[in-house]
Amino acid sequence: MVDCPLTELGREQCLAQRNYAAKLTPEVLIVSPLHRALQTALITFQSFRGSIPFIAHEECREELGLLTCNKRRPLSETILDYP
């Protein structure tokens, strides 16, 4: 599966870290454009949405490309899911 989504376990782990993340004071959040990374950021750092920039940066993703799940979907698809 190309650019697979976060698993249910991954979602649970993000929710478990939400209180810890809320105690941080980030000025910006930079993540990989892979969907599971975007989902992780949006779930874990929910309390910062709208107050700091969330940036998906191509240079933050896996580069090896050996695993299909590390290949991202086209930017046009990602923008539709994460405007």
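Me: Which residues make the nonpolar surface patch of about 220 Å²?

Reply: In this predicted model, the patch is made by Val28, Ile30 and Ile55. A patch consists of residues with over 30% relative accessible area and no salt bridge, where nonpolar side chains (Val, Leu, Ile, Met, Phe, Trp, Tyr) are joined within 5 Å and like charges within 9 Å. A salt bridge here is a side-chain nitrogen of Lys or Arg within 4 Å of a carboxyl oxygen of Asp or Glu. Accessible areas come from the Shrake-Rupley method with a 1.4 Å probe; for residues, only the protein chains shown count as cover.

The model is predicted, so local features need pLDDT of at least 70 and side-chain atom pairs pLDDT 80 or more, while totals for chains, interfaces and linings use all residues. Residues are numbered from 1 along each chain as its sequence is written, and side-chain values use heavy atoms, with hydrogens and water left out.

Me: Why does Val28 count as partly exposed?

Reply: Buried means under 20% relative accessible area, exposed means over 50%, and partly exposed covers what lies in between (1.4 Å probe, protein chains only). Val28 has 36% relative accessibility and therefore counts as partly exposed. Its place is in the loop between helix 1 (8-22) and strand 1.

Me: What pattern does the protein chain follow along the sequence?

Reply: The pattern is α-β-α-β-α, with 3 helices and 2 strands. Helices (H or I, at least four residues) and strands (E, at least two) are DSSP runs numbered from the N terminus. Of the 83 residues in the protein chain, 28% count as buried. The chain exposes about 5,700 Å², of which carbon and sulfur atoms supply 59%.

Me: Which residues form the largest nonpolar core?

Reply: The core has 8 residues: Ala21, Leu29, Val31, Leu38, Ala41, Phe45, Phe48 and Ile52. Strand 1 (29-31) and helix 2 (35-44) are the elements that give two or more residues to this core. The term nonpolar core denotes a set of buried Ala, Val, Leu, Ile, Met, Phe, Trp, Tyr and Cys residues joined through side-chain atoms within 4.5 Å. Ala21, apart from its neighbours within four places in sequence, is in contact (heavy atoms within 4.5 Å) with Thr44, Phe45 and Phe48.

Me: Why is Phe45 called buried, and why is Phe48 called buried?

Reply: Phe45 has a relative accessible area of 18% and is therefore buried. Phe48, at 10%, is likewise buried because this value falls under the cut-off.

Me: What makes the aromatic pair of Phe45 and Phe48 tilted?

Reply: Rings of Phe, Tyr and Trp (its six-membered ring) pair if their centres lie within 6.5 Å; planes under 30 degrees apart count as stacked, over 60 as edge-to-face and the rest as tilted. A search of the whole structure finds 1 aromatic pair. Its rings, those of Phe45 and Phe48, are 6.3 Å apart centre to centre, with 45° between the planes, so the pair qualifies and is tilted.

Me: Why does Thr44 count as buried, and what is Thr44 in contact with?

Reply: Thr44 counts as buried because its relative accessibility is 8%. Leaving aside neighbours within four places in sequence, Thr44 is in contact with Cys14, Gln17, Arg18 and Ala21.

Me: Why is Ile43 buried, and which residues is Ile43 in contact with?

Reply: Ile43, also in helix 2, has a relative accessible area of 14% and is therefore buried. Beyond its neighbours within four places in sequence, Ile43 is in contact with Leu6, Arg11, Cys14, Leu15 and Arg18. Ile43 and Cys14 are 29 residues apart along the chain, and their C-alpha atoms are separated by 6.1 Å.

Me: Why is His57 partly exposed, and where does His57 lie?

Reply: His57 lies in the loop between strand 2 and helix 3; its relative accessible area of 38% makes it partly exposed. Apart from neighbours within four places in sequence, His57 is in contact with Ile30, Val31, Ser32 and Pro33. From C-alpha to C-alpha, His57 and Ser32 are 5.5 Å apart in space and 25 residues apart in sequence.
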